[in-house]
Amino acid sequence: MMLVLSSPSGAGKSTLARNLLRDREEDGRLTLSVSVTTRARRGSEIDGVDYRFLTARQFEQMRDRGELLEWAQVHGNFYGTPKDTVDQALESGLDVLFDIDWQGARQIREAVPQDVVSIFVLPPSAAELRQRLERRAEDAPEVIANRLTNASTELERWGEYDYVIVNDDLQRAYGGLKAIVVAERLRRERLTGLADFIATLQAGL
Ligand code: ADP
Ligand code: 5GP
């Protein structure tokens with residue numbers, strides 16, 4: 001399963017993603033796709049963990065060599081998903097979590113429609129979105145202003161997603177995210193080895 005989380009900047013998708021990756025019940029069944037970006041590193045971010053930070057030239061080389069599953073320009077910087085880590089994770093049976101924008105979600109959906117589960121995260125209000133970006137205190141005022149301007153058009157993409165979560169109370173929103181993951185994993189077409197299991201049950205009757 002490829003679990004895609006998108007939202008306007010500051011709605012809380014990275015927080016929800018982090019909670020899911022830390023969830024003990026997940027027990028290593030889920031891995032984060034670490035994107036590459038030309039954006040400057042924030043004070044709290046670690047290269048290779050939150051993103052791989054690249055120069056514009058390095059990014060172009062990866063893109064032109066076809067090493068990105070998807071890429072997009074967002075808020076004036078380039079972001080992309082390296083193909084190799086996603087392929088390796090899926091081959092070893094892990095689900096992969098993507099924190100990417102609507103342009104990337106669209107490209108991944110087109111590439112592998114059957115495997116994508118997409119979730120759009122909304123803030124409870126415009127005022128709270130603004131406050132969260134300010135409280136996060138990692139971006140310059142003009143960067144925050146630009147992200148708030150872009151939020152309005154990003155919000156129009158909600159109709160392209162399978163699920164929508166309003167991130168008001170974090171625990172409640174996280175409960176919704178967890179419920180989606182649990183239910184999607186129980187989809188019949190995702191349950192491997194079911195025919196053998198049924199045969200074993202029948203043999204015992
Ligand atoms: P995004 O990844 O969507 O840009 P973040 O996950 O970085 O957003 O969240 C933006 C800020 O809002 C962070 O400071 C985070 O701690 C805070 N935040 C996230 N979810 C909530 C919530 N439900 N209630 C209050 N603050 C939240
Ligand atoms: P931020 O700069 O706040 O980390 O991210 C800005 C936006 O870029 C967010 O909407 C985030 O989801 C998106 N983003 C991060 N990585 C990728 C990526 O690899 N591809 C795409 N298309 N968007 C990304």
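A: Start with the polar contact, which is a pair of N or O atoms within 3.5 Å. This model is predicted. Here, a polar side-chain atom of Asp101 lies 2.8 Å from a nitrogen atom of ligand 2.

Q: Which side chains have polar atoms placed against an oxygen atom of ligand 2?

A: Tyr51 and Asp99 are two such residues. An N or O atom in the side chain of Tyr51 is 2.5 Å from an oxygen atom of ligand 2. For Asp99, the distance from a polar side-chain atom to an oxygen atom of ligand 2 is 2.8 Å.

Q: How much of the accessible area of ligand 2 does the protein cover?

A: On its own, ligand 2 has 510 Å² of accessible area, and the protein covers 96% of that. As for its location, ligand 2 sits in the largest pocket.

Q: How do I read the shell, and which residues are closest to ligand 2?

A: A residue counts as near a molecule if one of its heavy atoms lies within 4 Å of it. Around ligand 2 there are 17 residues, and the closest are Ser35, Arg39, Tyr51, Tyr79 and Arg147. Sorted by class, this shell holds seven charged, five polar and five nonpolar residues. Strands β5 (68–74) and β6 (77–82) each contribute at least two residues to the shell around ligand 2.

Q: Now apply this to ligand 1. Which residues are closest to ligand 1?

A: Gly10, Ser14, Thr15, Arg136 and Asn167 are the closest, out of 17 residues that surround ligand 1. By class, the shell around ligand 1 has seven charged, seven polar and three nonpolar residues.

Q: Which elements give two or more residues to the shell around ligand 1?

A: These elements are α1 (13–22) and α5 (126–136). The largest share of the shell around ligand 1 comes from α5, with four residues. The space taken by ligand 1 is the largest pocket.

Technical notes: Residues are numbered from 1 along each chain as its sequence is written. Chains are lettered from A and ligands numbered from 1 in the order in which they are written. This is a predicted model: local features need pLDDT of at least 70, side-chain atom pairs count only at pLDDT 80 or more; totals for chains, interfaces and linings use all residues. Side-chain values use heavy atoms; hydrogens and water are left out. On a 1 Å grid over the protein atoms alone, a cavity is a set of points where a 1.4 Å probe fits but cannot get out, and a pocket is an open set with protein on both sides within 12 Å along at least five of seven lines; lining residues have an atom within 4 Å of a point. A molecule sits in a cavity or pocket if more than half of its atoms lie within 2 Å of its grid points. Ala, Val, Leu, Ile, Met, Phe, Trp, Tyr, Cys and Pro count as nonpolar, Asp, Glu, Lys and Arg as charged, and the others, Gly among them, as polar. A polar contact is a pair of N or O atoms within 3.5 Å; within protein, one must be able to donate a hydrogen and the other to accept it, and residues adjacent in sequence count only if both atoms are side-chain atoms. Accessible areas come from the Shrake-Rupley method with a 1.4 Å probe; for residues, only the protein chains shown count as cover.
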